[in-house]
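I opened my notebook for a walk through this structure, and these are the entries I kept. Come along and check them against the coordinates.

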Amino acid sequence: MAEEFNTEGMLDIYLFENGQLLERLQEMVLDQKDADGFDEDSINEIFRTMHTIKGSSGIMMFDNITAIAHKLEDIFFYLRESHPDNVPHLQLVEHVLEVEDFISGEMEKIRNGDTVDGDPKDIIKDLDAFLDQIKNGAGAGAKQAPENVHEEPKQFYIAPVATEASRFYKVYVNFSPDTGMANIRAYKIVYAMKEIAEDLLYSPEDILSDESSAEVIMKEGFKILLQAQCTEEEIRNIIGIGYDIKKVDVYECSANEFLQGFNFGDDQGSQQVIDLESSVEEIEAKAEQKEGEPEKKPEKPQIAPGDFVIKSKEPGKQKKLAKDKPKGHKDAFISVNVSKMDQLMDLIGELVISESVVLQNPDLKVPGLNLTNFNKAAAQMAKISTDLQNVIMSMRMMPLTNLFQKMNRTVFDISRKLGKNIDFEQVGEHTEVDKNIIDNISDPLMHLVRNAVDHGVETKEERAQTTKSERAKITLSARTEAGKVWISVTDDGKGLDRNKILAKARKKGLLDDDKPDSAYSDKEVFQFITLPGFSTNEQVTEYSGRGVGMDVVVQNIQSIGGALEIDSVAGEGSTFTLKIPLTLAIIDGIVMETGTSSFVVETGVIKEFVSVKEDMMIHEPNGDEYIMIRGECYPVLRLGEWYGLKEYRKSVEEGMMLIFEVENKTICLFVDRLIGKQEIVVKPIPSYVKKVKGLSGCTQLGDGSIALIIDPVGLIE
């Protein structure tokens, strides 16, 4: 085959474009799963999606994807043309999602470099049975599709004008007997020859839309009429002879012979044959019979749905595909590998650190040094650095739409298997989060949603015994606050059983023997279910009951500096909330010192800085401290005492009080001194360092020292 037809160079585009099509397909199908049927626009769009995937997969030689996409395309072609009234909608939705799962699974194999070996035979068999069901069971009002339904072309073929340099060829291609999907192989030849062609016709015509054309090609060969300014040898080199092509015959002909069409010398009807065996009377009788027959008009070539018609063009220019509407202006997009984005983010992080090293260089502190010009240049460099960060951060930010759509699919699949009627609501799905954050929360969120369907929501019988509606409701919501993203999974199910959890915890030895159950708050009790091996489910199901999952959720969330909060009311439902940072990259922070240690806190959580007097402090007998500020009493936390540091300031009049406001709670943090505002590159705390409450990461300062990043939520809890 032609060297220009390089499937390896097309693979990334194939995966990206078909991935986008499948995401849109799943979103559209799930949006209409509760309707009575697909609307006309959706039927047309699903048909076009499958047609596109079929064609591109055929070109890439992924035959199993081509076959299953073609079969689903057949179903929606019938729906589009016949409009049957008796289509079982939910069954059709499941078939579409099953095909989408199969294609997505095969595409994942392609991304991983594995063999695309999925067998679609069982799914195709089910699709055939479904198509037969809606055809044979069509009601009286349904219009039956004709055997061969073809769309009339909206534009007609006009042969290009030949020049003196134009040459005409008739090409005949024979495929090997064991060649599969010969029609797709034939299209590859057409695709490879399009660059040299001034005019190109082929037979059979409907090689993409008609699967049976493969049998015709195998039996009669693939015929091509080519007008081009090239030699016979160039044509042979473009087509080539490989494992699937057995023989290629190229005949140069005149313009008149070219216009006669696909007469390759093997059509006996076009040749004059002398009958030497019949008598004169028999020959005259045959001649009279032919004269009496009406002249047969050549059949009008049929154009199958999805095929394009070639417009006339100037010789030597590339062919264009004719469509109904001219292309409008499109935004320019480019697909970039995520690893390159990560590398760019790391480089910008190093740039920020280097900037701090330059601006905080001890050599700049020499007395009497004139730094006016230096400070101007430094300010300009800082502005460019900030703009660069904002651009790369905006490139990395992605909406949660696709992630939420996956959860929608999960609810649909599990609820169907468990026989539960559930309405799934999405709120704030357009909230944008760093790409790395989305990758880290996908699995934890999936587990929480599955738990809500399996554990939280009651069965139909259980809900019938209460005043609740027959259809349960699960809400997935997202919002941003104080530099964090809050993602909540809420259900109106039976809620968590506090007594049952406490009994299980006491059985496992997790409770203090001298501490009564009433001494534990609901929040403390609910956190027990996040421990490894803890499950109150008496029966192990496909989705839960093994005591694994919630501990993994917590570990994954904590690894990115997040937390899980659980709220529940027995008989009313539960809410699981993930609190995760908006980004793991670069943030604005306030650098401060306590003793000999440096700390950083994000500027978004600081309400104000306050210098206080000793008479504003309130000391409790148990050691707790509070401060009165403008008539409000706030708890005080001394950072030096909290982490057991040395040489920190004891008097509040010598230090600075920071007021944090997070989750509608307020706390005052006492530190020795403030250093200033600085852009910091967030780095995770090394795994060999034990997780410390109130810390979410670390960063490198301009002088090369390490500062710990404070997590206000951890301090408040």
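This is a predicted model: local features need pLDDT of at least 70, side-chain atom pairs count only at pLDDT 80 or more; totals for chains, interfaces and linings use all residues.

**Entry 1: aromatic rings**

How many aromatic pairs does the structure hold? I found eight of them.

I looked at two pairs in detail. For Phe38 and Phe76, the ring centres are 6.1 Å apart and the planes are at 50°, so I noted the pair as tilted. This pair links distant parts of the chain, 38 residues apart: Phe38 belongs to the loop between α1 (7-31) and α2 (40-59), and Phe76 to helix α3.

Phe168 sits in strand β1 (residues 167-175) and Phe258 in helix α9 (residues 255-259), 90 residues apart, so to speak for another link between distant parts of the chain. Phe168 and Phe258 are both buried.

**Entry 2: charges over rings**

I then looked for charged ends above ring faces. Which ring does the charged end of Arg80 sit over? The ring belongs to Phe47, and the distance from its centre is 4.2 Å. I also logged Arg479, which lies over the face of Trp486 at 4.3 Å from the ring centre.

**Entry 3: strands around β11**

Strand β11 (residues 573-581) is mostly covered, and I counted eight of its nine residues as buried. I looked up its partners. Strand β9 (residues 484-491) pairs with β11 in the antiparallel sense over eight bridges, and Ser488 stands opposite Thr577 there. Strand β10 (residues 563-569) also pairs with β11 in the antiparallel sense, over seven bridges. In that pairing I found Asp567 bridged to Thr575. β10 and β11 form a hairpin with three residues between them, and Gly571 in the turn has a positive phi of about 85°.

**Entry 4: strands around β13**

I moved on to β13 (residues 597-602), which runs antiparallel to β12 (residues 586-594) and is joined to it by six bridges. Which residue of β13 is the bridge partner of Glu593? I found Ser598. Two residues lie between the strands of this hairpin, and Gly595 takes a positive phi near 65°.

β13 also runs parallel to strand β22 (residues 706-710), with two bridges joining them. Phe599 stands opposite Leu708 in β22.

Rolling a probe the size of a water molecule over the atoms shows where empty space is left. I searched the whole structure and got two cavities of 30 Å³ or more. Of the 10 residues lining the largest cavity, the closest to its centre are Lys54, His70, Met181, Asn183 and Glu211. The elements giving two or more residues to this lining are α3 (63-82) and α6 (182-193). α3 gives the most, with three residues. I sorted the lining of the largest cavity into four nonpolar, three polar and three charged residues.

The second largest cavity has a volume of about 30 Å³. Its lining includes Thr594, Arg638, Tyr648 and Asp672. α19 (639-642) and β19 (665-671) each supply at least two residues of that lining. By class I have four nonpolar, two polar and three charged residues around the second largest cavity.

Most residues other than glycine have a negative phi, and most peptide bonds are trans. I went looking for exceptions. Where is there a cis peptide bond? One joins Ser203 and Pro204, with omega about 0°. Pro204 has its place in the loop between β2 (197-203) and α7 (213-220).

Met61 is not a glycine, yet I read a positive phi of about 65° for it. Met61 is found in the loop between α2 and α3. Is Met61 buried, partly exposed or exposed? Its relative accessible area is 30%, so I put it down as partly exposed.

Arg630 also has a positive phi, about 50°, without being a glycine. Arg630 lies in the loop between β16 (625-629) and β17 (632-638). With a relative accessible area of 66%, Arg630 is exposed.

Notes. Residues are numbered from 1 along each chain as its sequence is written. Side-chain values use heavy atoms; hydrogens and water are left out. Two strands pair if DSSP finds at least two bridges between them. Helices (H or I, at least four residues) and strands (E, at least two) are DSSP runs, numbered from the N terminus. On a 1 Å grid over the protein atoms alone, a cavity is a set of points where a 1.4 Å probe fits but cannot get out, and a pocket is an open set with protein on both sides within 12 Å along at least five of seven lines; lining residues have an atom within 4 Å of a point. Grid points are joined across faces, edges and corners, and a volume is the space filled by probe spheres set on the points. Ala, Val, Leu, Ile, Met, Phe, Trp, Tyr, Cys and Pro count as nonpolar, Asp, Glu, Lys and Arg as charged, and the others, Gly among them, as polar. Rings of Phe, Tyr and Trp (its six-membered ring) pair if their centres lie within 6.5 Å; planes under 30 degrees apart count as stacked, over 60 as edge-to-face and the rest as tilted. Buried means under 20% relative accessible area, exposed over 50%, partly exposed in between (1.4 Å probe, protein chains only). A charge sits over a ring if NZ of Lys or CZ of Arg is within 6 Å of the ring centre and within 35 degrees of the ring normal.
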